[in-house]
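Subject: Structure for your review

Dear colleague,

I would be grateful if you could read the two side by side.

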Amino acid sequence: MSNIAFAFEELGHAYLPDNWIFRGYNAHVNKGQVFALMGANGRGKTTMLKTILGTLSPTEGKVTVNGRVAFVPQLFQVSFDYSVLDMVLMGRARKVGLFSQPSKEDEAAAMQALARFRLAHLAQRPFHELSGGQRQLIIFARAIVGGADILILDEPTSALDLKNQGVVLDWIHTLARQEGLTVVFTTHHPHHAHAVADKALLMFDARNYASGDIADVLTEENLYRLYGIPLRQIGFEFEGQSLKTLIPVFRPTLVDCAP
């Protein structure tokens with residue numbers, strides 16, 4: 001278990017008796033891996049994240065987590081005019097005593113975290129003035145500055161344009177490969193999981209799922225079962241590299257709107 005970041009065994013949760021959100025789920029993720037969690041809206045992804053975070057006790061089964069976990073929510077706005085540095089310093093709350101001010105060491109750690117994302121020059125800018133992609137990376141920095149080993153990301157590319165989706169995916173890959181963090185993220189974009197994840201969990205329904213390596217799980221058959229539309233894996237050459245991706249097949253049809 002020394003190389004395992006987290007695992008769950010026969011995991012199940014029901015908010016009401018015999019009304020299972022999921023049941024009998026098994027998976028494990030090694031340290032430094034990227035894990036994609038996928039399913040339709042309302043399928044139980046958020047409940048699954050809460051069990052990994054430890055904020056929700058499972059109804060049955062076992063969750064094992066080895067390391068400090070930090071949660072990165074979906075892109076959000078704040079109600080107060082915080083600076084970027086203040087936002088990152090919030091990640092040091094565990095290290096700062098109640099009613100205490102952040103120390104010079106805390107500020108240095110926050111600036112170092114910003115520098116890792118090449119955003120130190122924005123330290124005094126108001127957080128709400130930043131682009132969506134920049135705000136998401138600031139929240140990454142806030143999670144990391146607290147010493148997290150496992151990052152839990154809830155739809156990290158939602159509401160971002162294509163360029164910033166790419167930036168966030170690049171950083172997910174970098175944090176795992178170069179810095180050894182374990183990253184868990186939910187997504188509705190199978191091509192994002194295909195691009196950066198090592199493993200995936202597809203939640204078909206309460207008792208049926210597919211879990212394992214990306215190559216084994218993100219099959220056309222599984223994805224059709226998950227989304228109800230065909231997806232195709234295609235290969236192509238780009239800048240001298242042989243790459244693959246997944247694309248949905250949309251076939252617009254005329255809808256009879258007659259009364």
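Which strands does helix 1 lie across, running at about 125° to strand 1? In this predicted model, helix 1 lies across strand 1, strand 2 and strand 4.

These strands belong to an open sheet of three strands, which has the order 2-1-4 and antiparallel pairing. Strand 2 (19–30) and strand 4 (60–65) each have a single partner strand and stand at the edges, so one side of each is left without a neighbour in the sheet. On average, and with direction ignored, neighbouring strands of this sheet are turned by 20° against each other. Strand 1 (residues 4–16) pairs with strand 2 in the antiparallel sense over eight bridges. Within this sheet, Leu11 has Tyr25 in strand 2 as its bridge partner.

The second topic is the open sheet of six strands, whose order is 5-6-7-3-8-9 and whose pairing is mixed. Its edges are formed by strand 5 (69–72) and strand 9 (209–213); each has a single partner strand, so one side of each is left without a neighbour in the sheet. From one strand to the next, the twist averages 15°. Strand 5 pairs with strand 6 (residues 150–153) in the parallel sense, over four bridges, and Val69 stands opposite Ile150 in strand 6.

Helix 1 (residues 45–53) also lies across strand 3 (34–39), strand 5, strand 6, strand 7 (182–186) and strand 8 (199–203). Its direction is at about 145° to strand 3.

Yours sincerely

Methods:
Residues numbered from 1 in each chain as written. Predicted model: local features only at pLDDT ≥ 70, side-chain atom pairs only at ≥ 80, totals over all residues. Heavy atoms only, no water. Pairing = 2+ DSSP bridges. Helix = DSSP H or I, 4+ residues; strand = E, 2+ residues; numbered from the N terminus. Axes fitted to C-alpha atoms, helices over the stretch in contact; angles between N-to-C directions. Contact = heavy atoms within 4.5 Å.
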